[in-house]
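Here is a short briefing on a protein with its ligand. Keep the sequence and the 3D view open while you read.

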Amino acid sequence: MAIEHSNIDYSERIPNNVDLSGNRRLQRALESWQPNYIKWWQDLGPDRSNGFDVYLRTAISVERDGWANFGFVKMPEYRWGIFLAKPNLDRKISFGDHKGEPVWQDVPGEYRAPLRRLIVTQGDTEPASVEQQNHLGATCPSLYDLRNLFQINVEEGRHLWAMVYLLHAYFGRDGREEAEMLLERHSGDADKPRILGAFNEPTPDWLSYYMFTYFTDRDGKFQLAALAESGFDPLARTCQFMLTEEAHHMFVGETGIMRVVQRTCEVLKEVQSEDPKQVREGGAIDLGTLQRYINLHFTVSVDLFGQEISTNAATYFNTGLKGRYLESRLDDDHRLTDSSWPVHLVHDGRIVLEDRPAVTAVNERLRDDYIKDSQRGIDRWNAVLDSHGVDFRFTLPHRFFNRHIGTSAGINVTPQGEVISESEWQSREGGWLPTDEDQAFVGSLMNRVTEPGKIAAWIAPPARGIDGKPWDYEYVRFN
Ligand code: BYC
């Protein structure tokens with residue numbers, strides 16, 4: 001297999017640090033996938049962005065600072081390529097039945113199918129998110145936000161490239177077929193939907209977009225971190241590098257919502273009322289609507305962790321394909337032979353917390369890590385409310401609220417974790433999840449603002465700009 005270097009060769013048609021030119025067959029296969037990718041980007045990537053000059057960061061090496069190289073890039077001439085973190089030749093598998101053995105540089109034959117499935121599932125989410133967001137440029141609240149949208153889109157495109165590289169390089173013909181299908185399934189498509197639920201939901205407005213990048217990209221953080229522990233070293237190294245980019249995506253979500261909350265607080269003061277009607281008339285998004293959006297996006301993302309008790313997940317763990325969050329830092333046997341983990345389950349219509357064999361509960365454990373991490377943003381948004389003397393507080397709903405995957409999928413649970421009847425759910429749902437009216441209102445605020453230094457009325461400007469530039473810098477030039 002190819003030898004990896006840390007520097008990226010940009011003289012190649014496909015920039016890479018995997019010595020692609022040393023493997024002509026692979027290079028040709030990827031070069032024949034490339035035009036299909038570009039066609040997909042033209043058809044389903046950011047609408048009408050062709051020819052824009054966008055101030056983007058492009059990775060030039062996988063060294064510490066090499067990925068944060070900024071400059072204007074004409075869309076869609078971003079150089080998508082293949083970058084893996086540097087190999088650690090002594091790395092050993094850190095968990096499961098193969099713990100202590102050297103990591104695999106090739107796919108072990110017996111694990112081919114589950115490994116391919118994990119890579120395909122991961123890969124499928126990346127173009128899905130670009131499709132979900134492709135219309136948002138038409139209603140950007142500022143040039144700064146438009147630039148961030150494009151930055152995230154090109155990086156999700158690169159993450160697709162990362163998974164396609166693995167499929168082409170290590171899975172032969174099946175891998176090439178899977179790579180084609182990654183461009184054929186589409187978000188929300190009735191016949192060929194994306195694999196996971198959240199990636200078929202629409203992202204109709206910028207509030208949904210910030211929620212998505214806060215909550216759903218955070219699933220990406222935890223899933224990628226679990227895959228970065230993989231015994232299949234090329235997957236681990238690909239995911240390590242992807243994680244460096246994921247941080248910015250979550251930053252866009254967290255600060256985006258913070259700026260919305262900031263603006264709402266200012267309007268609360270202006271209108272001297274917390275009455276949603278008056279806040280809306282003042283041009284801001286009322287706090288109840290924000291909470292309902294939090295509820296929706298959190299629950300859709302919590303579903304992405306799969307079943308509470310999962311034999312798939314146990315197999316991934318035992319076989320060394322997918323570890324736990326920060327596996328090597330955990331203080332246990334890393335085999336989970338005798339340990340248990342407390343799991344929320346539904347028994348006879350009641351929610352219970354029961355100890356279960358830890359190896360079957362690794363999905364749930366990752367979800368626990370995710371929920372803890374999600375709380376941090378809630379605390380920061382609440383700090384904004386606090387600093388304005390507003391009493392309202394945002395909360396994360398109960399993990400079983402509005403779930404469609406897992407043991408609570410068939411029951412109705414309030415945000416506080418109380419099991420209720422279907423009829424009660426029907427009558428109270430509108431207080432917990434965005435209503436048509438909420439969405440119509442948020443939609444009505446979405447207007448395109450592209451003058452440097454100007455910003456939509458429903459959101460505050462960011463505290464700082466990108467790469468040391470002021471926030472009102474001309475991040476996108478339309479030409
Ligand atoms: N929707 O045993 P279980 C990101 C299926 S986000 C639909 O729990 P497993 C990003 C499941 O497939 C990170 N179906 O399954 C973010 C299984 O089907 P079968 C994406 C679902 O495999 C923003 C059955 O239910 N990466 O990167 O342990 C922008 C039994 O479930 C769902 C990954 O997800 C669902 N939500 O767990 C851009 C990592 N959940 O076998 C990018 C790779 C479960 O009955 N994926 N099912 O046919 C995995 O690790 C696992 O596939 C999952 C599911 C954790 C997703």
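This is a predicted model: local features need pLDDT of at least 70, side-chain atom pairs count only at pLDDT 80 or more; totals for chains, interfaces and linings use all residues.

**The shell around the ligand**

**Polar atoms facing the ligand**

- Ser310 has a side-chain N or O atom 2.7 Å from an oxygen atom of the ligand.
- For Arg117, the distance from a side-chain N or O atom to a ligand oxygen is 3.0 Å.
- Thr125 places a polar side-chain atom 3.5 Å from an oxygen atom of the ligand.
- How much of the ligand does the protein bury? Taken alone, the ligand exposes 1,000 Å², and the protein buries 82% of that.

**The loop between E2 and H2**

- Pro76 sits in the loop between strand E2 (69-74) and H2.
- The peptide bond that joins Met75 and Pro76 is cis, with omega of about 0°.
- Most peptide bonds are trans.
- Pro108 is also in the loop between E2 and H2.
- Is Pro108 buried or exposed? Pro108 counts as buried because its relative accessible area is 11%, and the cut-off for buried is under 20%.
- Pro108 and Gln375 are 267 residues apart along the chain, and their C-alpha atoms are separated by 39 Å.

**The loop between H9 and E3**

- Leu326 lies in the loop between H9 and E3, and strand E3 covers residues 340-347.
- Leu326 has a positive phi, near 50°, and is not a glycine.
- Leu326 is partly exposed, at 31% relative accessible area.
- Glu327 is found in this loop between H9 and E3 too.
- Where does Glu327 fall, buried or exposed? Glu327 has a relative accessible area of 0%, so it is buried.
- The Glu327 side chain makes a polar contact with the side chain of Arg324, at 2.6 Å.

**Arg48 and its backbone**

- Arg48 is in the loop between helix H1 (24-44) and strand E1 (53-58).
- What is the phi of Arg48? Phi of Arg48 is positive, about 45°, although Arg48 is not a glycine.
- Most residues other than glycine have a negative phi.
- Arg48 counts as exposed because its relative accessible area is 71%, and exposed means over 50%.

**Strand E4**

- Val352 has its place in strand E4, which spans residues 350-357.
- With 15% relative accessibility, Val352 counts as buried.
- Val352 and Pro342 are 10 residues apart along the chain. Their C-alpha atoms are separated by 9.7 Å.

- Ile378 lies in helix H10, residues 362-387.
- Ile378 is buried because its relative accessibility is 0%.
- How far apart in space are Ile378 and Phe394? They are 6.2 Å apart, C-alpha to C-alpha, and 16 residues apart in sequence.
- Arg292 belongs to helix H8, residues 287-302.
- Arg292 is charged by type, yet it counts as buried, at 14% relative accessibility.
- Arg292 and Phe394 are 102 residues apart along the chain, with C-alpha atoms separated by 9.8 Å.

Note on methods. Residues are numbered from 1 along each chain as its sequence is written. Side-chain values use heavy atoms; hydrogens and water are left out. A polar contact is a pair of N or O atoms within 3.5 Å; within protein, one must be able to donate a hydrogen and the other to accept it, and residues adjacent in sequence count only if both atoms are side-chain atoms. Accessible areas come from the Shrake-Rupley method with a 1.4 Å probe; for residues, only the protein chains shown count as cover. Helices (H or I, at least four residues) and strands (E, at least two) are DSSP runs, numbered from the N terminus. Buried means under 20% relative accessible area, exposed over 50%, partly exposed in between (1.4 Å probe, protein chains only).
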